[in-house]
Amino acid sequence: GATYAFTSSVTLYAQWTIGIAVSQSTNWSGYVFTGASGGYQVVSGSWVVPSLNCSVAPNSAVSIWVGVNGASSSYPGLFQTGTSSLCTNGVESSYAWWTDEQMAYVGIELYSVSPGNTINASIHQNSGGAWSYSVSDPSNSQTSTSAEAFSGSGLCAEWIVEDPGTGGGLYTLANFSSVSITNMSLTSPVTGPTLPPYSEKSN
């Protein structure tokens, strides 16, 4: 914000730090943002429910979600909403959900979704520090929005494609052609970037 008066030609060099990073682990990949002063207030994104090849992986799963916190022990208290698609004995099913790590992963299966349908999901910080989720499937005229007692810091924002856990380990990752998370955006007291789409393949 400062103003400088130059009396001769100068060369300027940008000083920068990475603000967008692609994170990967043994069971998930996607975007993770940290470091906004005051945390993040809204995290949102869209994706198309994938079609699974259950003949290749008859008992398998994949989840796509947006959320805050949970990327590491430095940001505890994951609060998230998204969709899961499963093959169970060769039969495919998909549903929308939300969950809250602060409540021992208390969450709920909200409604069924179909492969090819576009999902719009977001996490919002409400006044007073509580948070709410919203996840919609316009193709089925389905929407679920609810305020929850989550009181996390919101210092970490995430857009993730994940091989979900079963309680005793991980599912076999479902076989799907690709998943792209689009319309990715977030807001904070300082910045509100729009991110390029994130894509993931299982094969």
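User: Which residues have the most contacts inside the largest nonpolar core?

Analyst: This is a predicted model, in which local features need pLDDT of at least 70 and side-chain atom pairs count only at pLDDT 80 or more, while totals for chains, interfaces and linings use all residues. Residues are numbered from 1 along each chain as its sequence is written, and side-chain values use heavy atoms, with hydrogens and water left out. A nonpolar core is a set of buried Ala, Val, Leu, Ile, Met, Phe, Trp, Tyr and Cys residues joined through side-chain atoms within 4.5 Å; buried means under 20% relative accessible area, exposed over 50%, and partly exposed in between (1.4 Å probe, protein chains only). The largest such core has 35 residues, and those with the most contacts inside it are F79 and W159.

User: How many residues are in the second, separate core?

Analyst: Nonpolar side chains tend to be buried together in soluble globular proteins. Here the second core is separate and includes W28, L78, W97 and I160. Its size in residues is 7.

User: How many strands does the protein have?

Analyst: Helices (H or I, at least four residues) and strands (E, at least two) are DSSP runs, numbered from the N terminus. The protein has 0 helices. Its strand count is 14.

User: How many bridges join β4 to β11?

Analyst: Two strands pair if DSSP finds at least two bridges between them. Strand β2 (residues 28–34) runs antiparallel to β11 and is joined to it by 7 bridges, with W28 opposite E162. Strand β4 also runs antiparallel to β11, and S63 stands opposite E162 there. The number of bridges between β4 and β11 is 6.

User: With which side chain does the side chain of S63 make a polar contact?

Analyst: S63 lies in strand β4 (residues 60–68) and counts as buried because its relative accessibility is 2%. Leaving aside neighbours within four places in sequence, S63 is in contact (heavy atoms within 4.5 Å) with residues including T83, S84, W97 and E162. A polar contact is a pair of N or O atoms within 3.5 Å; within protein, one must be able to donate a hydrogen and the other to accept it, and residues adjacent in sequence count only if both atoms are side-chain atoms. At 2.6 Å, the partner of the S63 side chain is that of S84.

User: Why is the pair of W98 and Y133 called stacked, and what is the angle between the planes?

Analyst: Rings of Phe, Tyr and Trp (its six-membered ring) pair if their centres lie within 6.5 Å; planes under 30 degrees apart count as stacked, over 60 as edge-to-face and the rest as tilted. The centres of the W98 and Y133 rings are 5.4 Å apart, and the pair is stacked because the planes are at 20°.

User: How many residues apart in the chain are W98 and Y133?

Analyst: W98 is in strand β6 (residues 91–100) and Y133 in strand β9 (residues 131–137), so the pair links distant parts of the chain. Both W98 and Y133 are buried. Their separation is 35 residues.
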